[in-house]
Amino acid sequence: MPDPIYVRNAFARIADRYVLTNHVLSGGMDFWWRHVITKRIKQLRPRKLMDVASGTGDLALKIQDEIPDCEVMATDFCAEMLAHASSRGVRKTLVADALDLPFATDEFDVVSVAFGLRNMGDYPLALREMYRVLKPGGRLFILDFSQPAPPFQTIYRLYLHHVLPKLAGLLTGQMDAYEYLGDSIEQFPSGKDMIALLAANGYGNASATPMTFGVVTAYEAVKM
Ligand SMILES: C[S@@+](CC[C@H](N)C(=O)[O-])C[C@H]1O[C@@H](n2cnc3c(N)ncnc32)[C@H](O)[C@@H]1O
């Protein structure tokens with residue numbers, strides 16, 4: 001699993017270029033992925049939501065705009081990333097490690113984490129910590145990269161390991177931070193493996209919705 005010191009420093013280095021680079025590297029698909037997950041969260045009419053590993057706040061902002069009566073708390077352990085979330089309009093932000101959240105048990109209706117869990121030093125611990133702060137019956141939403149099915153997998157791996165780091169290097173000047181991305185995606189539990197990990201950490205009714213040929217998957221699970 002990723003080294004938290006490397007991860008925090010890597011995001012601090014790319015924070016100023018992160019938003020633009022994301023849109024370019026995903027070909028704009030990231031707008032669609034956030035739209036899908038926000039639409040589903042809106043159906044639940046949450047009053048209090050935490051967006052964990054919120055980074056520059058794209059998902060938190062979208063949820064804040066789409067569900068105005070929901071209190072949105074954006075947390076991240078990288079102050080440089082979260083400063084952008086604040087300046088872009090996220091009203092509540094807090095620098096906090098997802099492995100040790102400074103919130104009471106049973107506090108949130110929804111916890112969301114987009115492209116964040118994969119970067120954490122201990123996936124089971126992070127899942128249990130997010131479980132703790134959820135109210136009973138509350139829901140966890142994970143949006144993250146996953147493994148597409150063949151034959152698309154081969155093209156995708158070429159893109160991840162050969163095109164993406166060079167393109168991101170040009171945009172950010174930090175190629176190594178994006179070489180890490182490909183490896184982190186390949187080591188991250190995907191599909192059935194993520195469902196099993198959620199179940200092993202107490203969640204029920206876990207489901208997976210693959211998007212864009214399975215490059216990204218939205219997971220939803222309930223605190224029992
Ligand atoms: C790829 S960015 C995702 C940001 C945002 N959620 C998005 O969708 O654009 C990953 C974020 O995870 C954060 N992160 C990684 N490990 C963390 C941890 N243990 N606690 C809190 N944040 C963490 C990083 O600082 C970074 O901002």
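Ala, Val, Leu, Ile, Met, Phe, Trp, Tyr, Cys and Pro count here as nonpolar, Asp, Glu, Lys and Arg as charged, and the others, Gly among them, as polar. This is a predicted model, in which local features need pLDDT of at least 70 and side-chain atom pairs count only at pLDDT 80 or more, while totals for chains, interfaces and linings use all residues. Residues are numbered from 1 along each chain as its sequence is written.

**The shell around the ligand**

The ligand is surrounded by 22 residues, of which the closest are A53, G55, C78, A98 and A114; a residue is near a molecule or strand if its C-beta atom, placed from the backbone, lies within 6 Å of it. By class, the shell holds 13 nonpolar, five polar and four charged residues. Helices (H or I, at least four residues) and strands (E, at least two) are DSSP runs, numbered from the N terminus. At least two residues of the shell come from each of α1 (4-14) and α4 (58-66), and α1 provides the largest share, four residues.

**The sheet**

Two strands pair if DSSP finds at least two bridges between them. Seven strands form an open sheet with mixed pairing, in the order β3-β2-β1-β4-β5-β7-β6. Because β3 (92-95) and β6 (203-211) stand at the edges, each with a single partner strand, one side of each is left without a neighbour in the sheet. Strands β5 (residues 134-145) and β7 (residues 216-223) are paired in the antiparallel sense over seven bridges, and F145 stands opposite V216 in β7.

**Helices that pack together**

Two packed helices are described by the angle between their axes and the distance between the axes. Axes are lines fitted to C-alpha atoms, for helices over the stretch in contact, and angles run from 0 to 180 degrees between N-to-C directions.

| Helix pair | Angle | Distance between axes |
|---|---|---|
| α7 (residues 152-172) and α8 (residues 175-187) | about 150° | 7 Å |
| α2 (residues 18-25) and α7 | about 150° | 10 Å |

The angle makes α7 roughly antiparallel to α8, a term used for angles over 145 degrees. Two residues are in contact if their C-beta atoms, placed from the backbone, lie within 7 Å. Residues of α7, including L160, H161 and L164, meet residues of α8, among them M175, A177 and Y178, and this contact has nine nonpolar, four polar and two charged residues. On the other pair, L20, T21, V24 and L25 in α2 meet L164, L167, A168, L171 and T172 in α7, and the contact of α2 with α7 consists of seven nonpolar, two polar and no charged residues.

Technical notes:
Angles under 35 degrees count as roughly parallel, over 145 as roughly antiparallel, 65 to 115 as roughly perpendicular and the rest as oblique.
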